[in-house]
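Notes below, in the order I made them.

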Amino acid sequence: MYYQTIFKSIKNYQINLVIKILTISDFAVWSSYQLLMPIFAIFVTNKIPNGSIEVVGIASALCLLAKSVFEIPVGIYIDKHRGEKDDLYTSIFGTVLTAAVYFAYIFVGSIWELYLLQILLGLAAALAFPGWRSIFTRHLDKNKEALEWSLYDVITGFGMAASAALGGFIATIFGFDVLFIVVSVLTLIGAAMLLMIKDKIYQK
């Protein structure tokens, strides 16, 4: 019921289709992310051999460092190409790679494998963010920019808040493997939704 209300509010609000789809896509992506993140440290310390709080910190740092290293080159590449096709497809690829990393958590058996996945997760974010943001920025409705950014933040924020509590429940009842599958599938749904705007993006 809660999610139906959110989607209904987006559907009825008079904004262009690109902004609607991008917002709903990120609702799925960030909600799935928040299913996992609050209990990520528990997964590392309980399920990975020799996992510790220090390992959690290093893993998080590696993800952020990888994102920081790769994001500017991706942004430069996107800006050098006319049109928004490259923006869209790098964003889709980055989101799909994110889903693949979430699924791969099921098979992690050592600390170095976790570190490798965290680096790939940072790369995925570096690919996904610049293209998504550039498309969203260009398609904001005139004189509604602040409101549409606010609507985006509120919708994704509510989704993340609900998911934060739900993730712990899923992991407790069904286990981490099921949680990773749910997170991966939701992220793929977010990526698939981006294909809905391929005919609406700017070609030049």
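I started with N50, which comes out exposed, with a relative accessible area of 69%. The residue sits in the loop between helix 3 (40-47) and helix 4. I checked the backbone there too: phi of N50 is near 65 degrees, a positive value in a residue other than glycine. A reminder to myself that this is a predicted model.

Next I went to N143, another non-glycine residue with a positive phi, here about 70 degrees. I found N143 in the loop between helix 6 and helix 7. N143 counts as exposed because its relative accessible area is 69% and the cut-off for exposed is over 50%.

K144 is in the loop between helix 6 and helix 7 as well. I get 29% relative accessible area for K144, so I put it down as partly exposed.

**Helix 6 and its neighbours**

How do helix 4 and helix 6 pack, at what angle and how far apart are their axes? I get an angle of about 35 degrees, with the axes of helix 4 (residues 53-80) and helix 6 lying 7 Å apart. The crossing of these two is right-handed.

Then I did helix 2 against helix 6: the angle is about 145 degrees and the axes are 10 Å apart. That crossing is left-handed. On the helix 2 side the contact is made by V18, I19, L22, T23, D26 and W30, and on the helix 6 side by F129, W132, I135 and F136. By class I have 8 nonpolar, 1 polar and 1 charged residues in the contact of helix 2 with helix 6.

**Two residues in helix 6**

I picked Q118, which is in helix 6 (residues 111-138). Is Q118 buried or exposed? Its relative accessible area is 4%, so Q118 goes down as buried, the cut-off being under 20%. Skipping neighbours within four places in sequence, I see Q118 in contact with F40, A59, S60, L62, C63 and Y105.

A125 is in helix 6 too. I have A125 as buried, with a relative accessible area of 14%. Which residues does A125 contact, leaving aside neighbours within four places in sequence? I found K67 and P130. I also checked A125 against F40: their C-alpha atoms are separated by 17 Å, and the two are 85 residues apart along the chain.

**The largest pocket**

Last, I looked at the largest pocket, which holds about 560 Å³ of space. I count 27 lining residues, and the closest to the centre are W30, Y33, Y102, A125 and F129. So A125 turns up again here, as a buried residue with 14% relative accessible area.

Which helix gives the largest share of the lining? That is helix 6, with 8 residues. I noted that helix 2 (17-36), helix 4, helix 5 (85-104), helix 6, helix 7 (145-174) and helix 8 (176-194) each supply at least two residues of the lining. By class the lining of the largest pocket has 17 nonpolar, 7 polar and 3 charged residues.

Note on methods:
Residues numbered from 1 in each chain as written. Predicted model: local features only at pLDDT ≥ 70, side-chain atom pairs only at ≥ 80, totals over all residues. Heavy atoms only, no water. Helix = DSSP H or I, 4+ residues; strand = E, 2+ residues; numbered from the N terminus. Buried < 20%, exposed > 50% of the residue type's maximum accessible area, 1.4 Å probe, protein only. Contact = heavy atoms within 4.5 Å. Axes fitted to C-alpha atoms, helices over the stretch in contact; angles between N-to-C directions. Left-handed = near helix turned anticlockwise from the far one by under 90°. 1 Å grid on protein atoms, 1.4 Å probe; cavity = no way out; pocket = protein on both sides within 12 Å on 5 of 7 lines; lining within 4 Å. Points joined across faces, edges and corners; volume = space filled by probe spheres on them. Nonpolar A, V, L, I, M, F, W, Y, C, P; charged D, E, K, R; others polar.
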